[in-house]
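The following exercises are to be worked with the sequence and the coordinates at hand. Each task is followed by a solution in steps.

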Amino acid sequence: ILDGGEIDLNGAVTAPEGFFSNGSGFDNTGASITTSDPGITIRDAGNIKIGSPLISGEGNIEIETTGSLDIDNTIQTTTGTIILDADGQTTINSSGNIATTTGNVSLGANREGAIRTAGDITTSSGNITFDNETVLIGDVLLATSENLGDIVFNNRVDGGYTLDALA
């Protein structure tokens, strides 16, 4: 989906060859997106809401926006990297768990938006990196396999909830 207005998906999308969106806003509430390879890329100029699962078999999942990013559902890939980045605030709600088997998870690497999280993030052999200020809005589990991945905070972490970091 290229060069358009706001994208509002309401039915399941299966795209074996990958999914790409480049619009002025994105909302997939009611529409899971499943790919095999190369993955899922959502780069929009407006706000992005992930309301239904994003699942990629072997591809990366990259979500980047000049607006805000609201994650209310699962983001999962088997062998790919997950990149989440927003100029506005990124909110990962408790239903927005993020998982990759062998890839890295990166939040806030290139944009300045703060991160608010209550969602768990797991990877079996990758790293989990938070580059921007992070506020816990619920209990959070961050887990990598023992001796195979690091958990890195490159900015302040705050919030009155439990942070379990297992690396």
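Strands are DSSP runs of E with at least two residues, numbered from the N terminus. The model is predicted.

**Exercise 1.** Determine where T123 is found and whether T123 is buried or exposed.

Solution. Step 1: T123 belongs to strand β17, which covers residues 121-123. Step 2: buried means under 20% relative accessible area. T123 has a relative accessible area of 4%, so T123 is buried. Step 3: a polar atom of the T123 side chain lies 2.7 Å from the backbone oxygen of G103. Step 4: leaving aside neighbours within four places in sequence, the contacts of T123 include T100, I128 and A143.

**Exercise 2.** Locate N47 and identify the backbone nitrogen that lies 2.9 Å from a polar atom of its side chain.

Solution. Step 1: N47 sits in the loop between β6 (39-44) and β7 (48-50). Step 2: the backbone nitrogen in question is that of S68. Step 3: not counting residues up to four places away in sequence, N47 touches S68 and also, among others, S24, F26 and T65.

**Exercise 3.** State which parts of the chain the salt bridge between R43 and E62 ties together, and why.

Solution. Step 1: the closest N and O atoms of R43 and E62 are 3.0 Å apart. Step 2: R43 lies in strand β6 and E62 in strand β9 (residues 60-65), so the pair ties together parts that are 19 residues apart in sequence. Step 3: R43 is partly exposed at 36% relative accessible area, whereas E62 is buried at 18%.

Terms used: Residues numbered from 1 in each chain as written. Predicted model: local features only at pLDDT ≥ 70, side-chain atom pairs only at ≥ 80, totals over all residues. Heavy atoms only, no water. Helix = DSSP H or I, 4+ residues; strand = E, 2+ residues; numbered from the N terminus. Buried < 20%, exposed > 50% of the residue type's maximum accessible area, 1.4 Å probe, protein only. Polar contact = N/O pair within 3.5 Å; in protein donor to acceptor, adjacent residues only side chain to side chain. Contact = heavy atoms within 4.5 Å. Salt bridge = Lys/Arg side-chain N within 4 Å of Asp/Glu carboxyl O.
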